[in-house]
Amino acid sequence: MAGRKDDGSVGDANYGTIGKDYSIYRQPEPRIAAFIHAALGTARTVMNVGAGAGSYEPLDRKVTAVEPSASMRTQRPAHLSVAIDAVAEKLPFPDSHFDACMATFTVHQGSDLDAGLHQMRRVTKGPIVVLSCDPDLVQQFWLNAYAPDVLAAEARRYPALQRIGSLYEAVEQK
């Protein structure tokens, strides 16, 4: 697929370079984990798109992890499922295969947001939980006073929440 780095990473981040110790630093925040768990509802089978090291994967469900970066796949703890090398835009599963889908801080990494969200809906019969940043609010974070260029760059990376919502509304109506 065009746009993949040497280790399989997609988007503007090369996790083969920047993600070597990712699992050491990226630890789940309990309130976010609880929110994701609740949003997944009663789903028994969950696909985690852009799964990374699995920080927010629920342990009480059957999770299929999808992660394009080889570097990130190797950092998954032994108690989690092995991640499949795939991208959101081309998911290798049949229609309505999963009860739910989750994507945490990952939708901004794909090469085609519309295609990725459409594929997630195609293979999921229930809720889709997308955790992202609101680009309109990123620069209101306290860190902006110290690193405004960094947060301006981050704000440009994330799609507007309204865009994500409208894409799902359009997919749902098909």
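How many helices and strands does the protein have? The points below take this up and then turn to local features.

1. Overall make-up. The model is predicted. The protein has seven helices and four strands. Read from the N terminus, the order of elements is α-α-α-β-β-α-β-α-β-α-α.

2. Burial and surface. The protein has 174 residues, and 47% of them count as buried. Among contacts with a separation of 6 or more, 63% are between residues 24 or more positions apart.

3. Helix 3. This helix covers residues 30–39, and at its start a side-chain oxygen of E29 comes to within 2.8 Å of the backbone nitrogen of R31. G41 follows helix 3 and has a positive phi, near 60 degrees.

4. Helix 5. A contact of this kind is found at the start of helix 5, where a side-chain oxygen of D112 reaches to within 3.2 Å of the backbone nitrogen of D114. Helix 5 spans residues 113–123, and its buried residues include L113, G116, L117 and Q119. M120, R121 and V123 of helix 5 are buried as well.

5. A65 in strand 2. A65 belongs to strand 2, residues 62–66. Its relative accessible area is 0%, so A65 counts as buried. Leaving aside residues up to four places away in sequence, A65 touches N48, A51, E57, R76, S81, V82, A83 and I84. V46 is 19 residues from A65 in sequence, and the C-alpha atoms of V46 and A65 are 8.4 Å apart in space.

6. Aromatic pairs. The structure holds three aromatic pairs. One of them joins F93 and F98, edge-to-face, with 4.9 Å centre to centre and 80 degrees between the planes. F93 counts as buried because its relative accessibility is 12%, and F98 counts as buried because its relative accessibility is 2%. W142 and Y146 form another edge-to-face pair, at 6.2 Å centre to centre and with 70 degrees between the planes. Both W142 and Y146 are exposed.

7. Surface patch. Which residues form the nonpolar patch on the surface? They are F141, W142 and Y146, with about 450 Å² of accessible area together. Ring pairs also link F141, W142 and Y146 into a cluster. Y146 sits in the loop that runs between strand 4 (128–131) and helix 6 (148–157). With 66% relative accessibility, Y146 is above the 50% limit and therefore counts as exposed.

8. Most residues other than glycine have a negative phi. S96 is not a glycine, yet its phi is positive, near 55 degrees. S96 is located in the loop between helix 4 (70–73) and strand 3 (100–104). The relative accessible area of S96 is 38%, so S96 is partly exposed. F105 also has a positive phi, about 50 degrees, although it is not a glycine. The place of F105 is the loop between strand 3 and helix 5. F105 is partly exposed because its relative accessible area is 25%, a value between the 20% limit for buried and the 50% limit for exposed. The backbone at S96 and at F105 can be checked against the structure above.

Technical notes
Residues numbered from 1 in each chain as written. Heavy atoms only, no water. Helix = DSSP H or I, 4+ residues; strand = E, 2+ residues; numbered from the N terminus. Buried < 20%, exposed > 50% of the residue type's maximum accessible area, 1.4 Å probe, protein only. Contact = heavy atoms within 4.5 Å. Polar contact = N/O pair within 3.5 Å; in protein donor to acceptor, adjacent residues only side chain to side chain. Patch = residues over 30% accessible without salt bridge, like charges linked within 9 Å, V, L, I, M, F, W, Y side chains within 5 Å. Areas by Shrake-Rupley, 256 points an atom, 1.4 Å probe, with all protein chains shown as cover. Salt bridge = Lys/Arg side-chain N within 4 Å of Asp/Glu carboxyl O. Phe/Tyr/Trp six-rings, centres within 6.5 Å; stacked < 30°, edge-to-face > 60°.
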